[in-house]
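Try each one yourself before reading the solution.

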Amino acid sequence: MYRCEAKSVEAFVQQIAVSYVLHGYYFFAVGNIPEGKDLRAVDANITARYDLAISKWTRCRRKREGVAGVQYLRHGRFFVIAATEGEHKFLDNEKTTICDLRREPIQCFGYGIRCYQRRTGKWHPSVRIGDKEFAKLKQRLRKAALRLSAIALGEKIRRLPFAPFAPVRSQFLTLLRLVNRRRKRAGLPLVSGDCVRRKRKPVRVFNAV
């Protein structure tokens, strides 16, 4: 059975970044399943259309033959179909809507999933709070910096609904510095750095069968 429904937003993002992008799935198409459509029926349709329910041995053999690997992942009504380089009917059928993650990020659930190239030439995934969402957070916290107590502001930052991937942690620290600069100028107590969540544990992506 091909498992494609991620159990949480964090699981969805983790699966794309760690299991897909890290293994060369750079080409993607995204979509939203309309209200009223049966989610399981759509899952089954896409799985059958692109012949995704195959063993890892078949996937490896096809890779050697130049066939692209394709994966389908959904959380709620939002889904991503991702592919590696190679030949595949998904790449032919969806060529007008497919994007390359090395040039354009996946924007989903407030995150931006990107790729960056190291000096070695290898591409690595990067998970950040999306640019628009991060701009909104900065604006909200800038306004709240002088109105709320240091404890309340710390709780706001601690409870931000984003998993602390490394780039996200850097963004949390940027928000903390923004708040504390305003509070320092106003002579107010600073927000403790303890409010920044610094560790992320891998989560289970799919429900147990």
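**Exercise 1.** Which residues in α5 are buried? Work out how they sit on the helix, keeping in mind that you're looking at a predicted model.

*Solution.* Start with the helix itself: α5 covers residues 131-144 and spans 20 Å from its first C-alpha to its last, close to the 20 Å expected. Next, pick out the buried positions, which are F134, L137, L141 and A144. Now look down the axis of α5: the buried residues fall within an arc of 90 degrees, so they line one face of the helix. Finally, ask what the buried residues of α5 pack against: β7 (123-129), α6 (150-158) and α7 (166-185).

**Exercise 2.** Trace how β6 pairs with β5 and with β7.

*Solution.* Take β5 (residues 106-108) to begin with: β5 and β6 run antiparallel and share three bridges. Five residues separate β6 and β7 in their hairpin, and G121 in the turn has a positive phi of about 95 degrees. As for cover, five of the seven residues of β6 are buried.

**Exercise 3.** Is D100 buried or exposed, and what does its side chain touch?

*Solution.* D100 has a relative accessible area of 11%, so it counts as buried. Its side chain makes a polar contact with the side chain of R103 at 2.8 Å. Further off in sequence, D100 is in contact with Y26, F27 and F28.

Technical notes. Residues are numbered from 1 along each chain as its sequence is written. This is a predicted model: local features need pLDDT of at least 70, side-chain atom pairs count only at pLDDT 80 or more; totals for chains, interfaces and linings use all residues. Side-chain values use heavy atoms; hydrogens and water are left out. Helices (H or I, at least four residues) and strands (E, at least two) are DSSP runs, numbered from the N terminus. The expected span of a helix is 1.5 Å times one less than its number of residues. Buried means under 20% relative accessible area, exposed over 50%, partly exposed in between (1.4 Å probe, protein chains only). The arc is that of the directions from the helix axis to the C-beta atoms. Contact means heavy atoms within 4.5 Å. A polar contact is a pair of N or O atoms within 3.5 Å; within protein, one must be able to donate a hydrogen and the other to accept it, and residues adjacent in sequence count only if both atoms are side-chain atoms. Two strands pair if DSSP finds at least two bridges between them. Lists of a residue's contacts leave out its neighbours within four places in sequence.
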